[in-house]
Amino acid sequence: MRLLRIFLPFLFVGFCTEAAGQTVVTRRGKPAARIVVAAENSTDRIAALLLQRFVREASDAELPVVPGAKIRKGDILLGASDTLGLSYDGFRLRSGSDGTLRISSGGGNGSVYGVVSLLERYLGMDYFAAHVYTLDRRPDIVLPRLDTADNPAFRYRQSQAYGMAQDSVYRFFLRLREPSDIFAGNLWVHTFDRLLPAERYGAEHPEYYAFIHGQRRPGRASQWCLSNPEVFETVAARIDSIFRANPGRNMISVSQNDSDRTYCRCDECERGNIEEGAPSGNYIRFLNKLAARFPDKQFSTLAYLFTMKPPKHVRPLPNVNIMLCSIGCHREVPLTDNATGSEFVEALEGWSALTDNLFIWDYGINFDNMVEPFPNFPVLGPNIRLFRRHGARMHFSQIGGSYGGDFSEMRSYVVAKLMWDPAQDTDSLMLRFMNGYYGAAAPYLYQYEKLLEGALLASGTPLWIYDSPVSHKDGMFNAACRQRYNELFDRAEAVVAADSALLRRVRTARLPLLYTELEILRTERDKDTAAILRKLETFERYIIEFGVETLNERNNSPQEYCRLYRQRYLSADRNSKTLGARIEWIVPPTGKYRALGEETLTDGLFGGASFADGWTGWEGRDGAFILDLGSGQEFSAVTADFLHQLGAWILLPRAMTCAVSDDKCTWRPLGRVELPEDRDVPVKFVPVTVAAESPVRARYLRIEVEGTNVCPPWHYGVGCPCWFFIDEITIK
């Protein structure tokens, strides 16, 4: 119906006398116009080839592309000079009375986006994913007389759509940029260690690095001592060389390493921290000096974690770009309606009062569980409009852009459209995408997403970027909800069963639900092992068939997850003699984990990849506790289950020591195990076993854990307290 509705008017026009100003592009499958490129310009050339390609695909007619030719009636001119009112990446489409169409650019990719808009409006194009698009076929293409212009809401728009690496044309239809487009040397964020590598300077110049907890802490995630004049001169020389090596790139990021609380507290830096009321003051002072040294360049820096709050006195110079990040906020409602968003909104208001050179980094991703439903679509539009109202001109939406993630393709599509024009309706964009990408399955998937969104709000459980499905098992993932979700997916699969491409897309969209069910089912005491295995086998078959490569930011393999699931959750001994043992703390866990540990350490259930799920943690100190087994038990080995998750500052402990007693007064040593340092990035579960030479009998078991306690120089949290987490204690 859509093809018929669009085809007939153009077919009619093709056989009639064209109205004044119309541009006849093709007639009866033959070219009727030329594409003229006004000057030798790579962007205009790309635009010309895009137009030529898709006109050919639609009509079989190949329009000639002619550079620098004298324009004549009916031509399509790229590189027109009608640029009044156009901003960077903006464009104008204007027809003359003779049918000549001029496409003007405000700079950047304006001419490309002008062609993209033309194709979308008049050739029925919609680009949904890499190599997946619609296009109306017809032999006669006649464009109406045009006089329209369009400018983006943000001059720079970035996301993480995985398809951009697979299909360069897809990127143009999303109208997205990448850091390498504008940042010299691709230095766009977390650049301190790239500009002043601790590996090179740390040993000889520890004074270049942050003074934390009584000493200098050089490290790849350590921040700089910004009050040190040698740091400034060394960095300035390095920046000068980078700009010289990257002609045409006039922007660079000079921004803190990806870490929290690692800023310098030497006397001079601390004086600045106090004067400005926030560590950001020292950073802006430093960036202003660079901006004054290179007044024709742009310097971007982060307002992130400890620098999110704006300074009291110093103002960024006009060529200092502030990249403000909303990392600490929940995502179930817009930032303005969210208690955790209030601090960010206050910071946004503060920074926007200091500068109009504002870049917003927002998050729509679950770093710990990318393959988990993340129903945050209703907050995208309100948040993007909030950023725009406060003067932001650049925006990075860090969405879940990995293949196999929750509606990755639709998330990329919707966010890209909203960054260009925030006034668009999110639901309308979702429906447009689903109808184009999932075909007849679209109504069922749309209903599924809407039910998820409603169930999330009704549960009152926050949605955050380190979520675990287990956190929502009594809310949006309760048993009744999961049953309904599965019914909808069953119907979605049924209606597209005859189309292998659509069926694959629907099953890829189902992966997050399958993963969520597996994660929740592993936490249940009474398991239907056969049913769980069937789900696991389906999940495993899909991730292998579809080529899904990662589950989380740390690149844990889905196939390894399946192997560990069988070993860890389906083969574990549920008859451990520690089940239900009473815990007596000697050195208790930190904060809320004390109460949690009294249940989770001896419940027979093993935790998952998120520290929020079933783990008990100590921060910056050793841990010790006694297990009361209730009566004398014979055993020869004690195993504790530890979590290794460097990104959350969770490191393996140094050692574990065990002792046994019959009366809690006299203790007999069982043994001690020392653990090697582990710098691997992926999340791991590490069992540590202390074994006796021969069986012992005892009622009480004392476990002492020597933590790493302080993040080492190679870690993100250099010099700051780190955690260790234990889950299950078992004895054999």
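What follows is a dialogue on reading sheets, helix contacts and loop residues in a predicted model.

Biologist: Before we look at any feature, what should I know about the numbering and the pLDDT limits?

Modeller: Residues are numbered from 1 along each chain as its sequence is written, and side-chain values use heavy atoms, with hydrogens and water left out. This is a predicted model, where local features need pLDDT of at least 70 and side-chain atom pairs count only at pLDDT 80 or more, while totals for chains, interfaces and linings use all residues.

Biologist: Happy with that. How do strands of a sheet pair?

Modeller: Strands of a sheet pair through backbone hydrogen bonds, and they do it either parallel or antiparallel. Here, two strands pair if DSSP finds at least two bridges between them. Helices (H or I, at least four residues) and strands (E, at least two) are DSSP runs, numbered from the N terminus.

Biologist: In what order do the strands of the three-stranded open sheet come?

Modeller: The order is β2-β1-β10, and the pairing is antiparallel. At the edges are β2 (30-31) and β10 (141-143), each with a single partner strand, so one side of each is left without a neighbour in the sheet. Strand β1 (residues 23-27) is joined to β10 by three antiparallel bridges, and Val 24 stands opposite Val 142 in β10.

Biologist: And what is the pairing in the open sheet of six strands?

Modeller: That one is mixed, with the order β4-β3-β5-β7-β6-β11. Its edges are β4 (65-67) and β11 (147-150); each has a single partner strand, so one side of each lacks a neighbour in the sheet. From one strand to the next, the twist averages 20°. For a parallel case, look at strand β3 (residues 35-37), which three bridges join to β4; the bridge partner of Val 37 in β4 is Pro 67.

Biologist: Which strands are joined to β23 by bridges?

Modeller: Strand β24 (residues 668-674) runs antiparallel to β23, with six bridges, and strand β25 (residues 684-706) is also antiparallel to β23, with seven bridges. β23 and β24 form a hairpin with six residues between them, and Lys 664 in the turn has a positive phi of about 65°.

Biologist: Why is strand β23 largely enclosed by the rest of the structure?

Modeller: Six of the seven residues of β23 (residues 655-661) are buried, so the strand is largely enclosed. Buried means under 20% relative accessible area, exposed means over 50%, and partly exposed lies in between (1.4 Å probe, protein chains only).

Biologist: Now helices. What describes two packed helices?

Modeller: The angle between their axes and the distance between the axes. The axes of α16 (residues 479-495) and α17 (residues 500-521) come within 10 Å and cross at roughly 160°. That makes α16 roughly antiparallel to α17, given that angles over 145 degrees count as roughly antiparallel, under 35 as roughly parallel, 65 to 115 as roughly perpendicular and the rest as oblique. The residues of this contact divide into nine nonpolar, one polar and six charged. Among those that meet are Phe 489 in α16 and Leu 513 in α17.

Biologist: At what angle do the axes of α17 and α18 cross?

Modeller: Roughly 140°, with the axes of α17 and α18 (residues 529-546) coming within 9 Å. That makes α17 oblique to α18. The contact includes Leu 514 and Tyr 515 of α17 and Phe 539 and Tyr 542 of α18.

Biologist: To finish, where does Asn 109 lie, and is the residue buried or exposed?

Modeller: Asn 109 lies in the loop between β7 (101-105) and α3 (110-122), and is buried, with a relative accessible area of 10%. Leaving aside neighbours within four places in sequence, Asn 109 is in contact (heavy atoms within 4.5 Å) with Thr 43, Asp 89, Phe 172 and Arg 177.

Methods:
Axes are lines fitted to C-alpha atoms, for helices over the stretch in contact, and angles run from 0 to 180 degrees between N-to-C directions. Ala, Val, Leu, Ile, Met, Phe, Trp, Tyr, Cys and Pro count as nonpolar, Asp, Glu, Lys and Arg as charged, and the others, Gly among them, as polar.
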